[in-house]
Amino acid sequence: MNELQERTREKLEGNSFMNHNYMELHFLEPDHAVFKLDIREESRNTFGMVHGGALYALADNATGCAAHTDGRHYVTQGSSFNFLRNQPSGTVYADARVRHRGGTTCLIDVELTGEGGKLLASGTFTYFCVDRSKIEAKAGK
């Protein structure tokens, strides 16, 4: 494991939402992050398939992590996300790669794949660079 992955894993231990939903960092390098979700009962919708919100959240975590590889702090500004197919069990991977990094925004593409490498969803996320101290002050930290 490289230094970037070690530092990031330590930070992600404090991500209660991600941990509660069984999402984990699988791979990390500058401008590229892969997250995975092993589908559990809690991950499924009433049809028995992975809940769309779980897929979106997995994509948001992967893209956010890819954005943060430059050491700055970001929040999600917007996204476009397309659901293509679904699956009831197994593992889903979210592979996120920075397409453009500017002074205040970062554009990231993501693909979610499931069993057999089938494409489940894809999207583009825009992140806005923020001053961490101001965000923490608003959150009461």
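The structure is a predicted model, in which local features need pLDDT of at least 70 and side-chain atom pairs count only at pLDDT 80 or more, whereas totals for chains, interfaces and linings use all residues. Residues are numbered from 1 along each chain as its sequence is written, and side-chain values use heavy atoms, with hydrogens and water left out.

The secondary structure comprises 4 helices and 6 strands, where helices (H or I, at least four residues) and strands (E, at least two) are DSSP runs numbered from the N terminus. From the N terminus on, these elements follow the order α-α-β-β-α-β-β-β-β-α. The C-alpha atoms fill a box of roughly 40 × 30 × 30 Å along the principal axes.

A nonpolar core is a set of buried Ala, Val, Leu, Ile, Met, Phe, Trp, Tyr and Cys residues joined through side-chain atoms within 4.5 Å. In the largest such core, which has 35 residues, Phe 35, Leu 58, Ile 108, Val 110 and Leu 112 touch the most other members. Among the elements that give two or more residues to this core are α1 (3–12), β2 (32–38), α3 (52–68) and β5 (105–113), and α3 gives the most, with 9 residues.

Contact here means heavy atoms within 4.5 Å. Among contacts between residues at least 6 apart in sequence, 60% join residues at least 24 apart. Beyond residues up to four places away in sequence, Phe 35 touches several residues, including Leu 12, Met 18, Leu 58, Cys 65 and Val 92.

Tyr 22 lies in the loop between α2 (16–20) and β1 and is partly exposed, with a relative accessible area of 34%. Leaving aside neighbours within four places in sequence, Tyr 22 is in contact with Lys 36, Leu 37, Asp 38, Arg 40 and Glu 42. Tyr 22 and Ile 39, 17 residues apart in sequence, are separated by 8.5 Å in space, C-alpha to C-alpha.

Definitions and conventions. Buried < 20%, exposed > 50% of the residue type's maximum accessible area, 1.4 Å probe, protein only.
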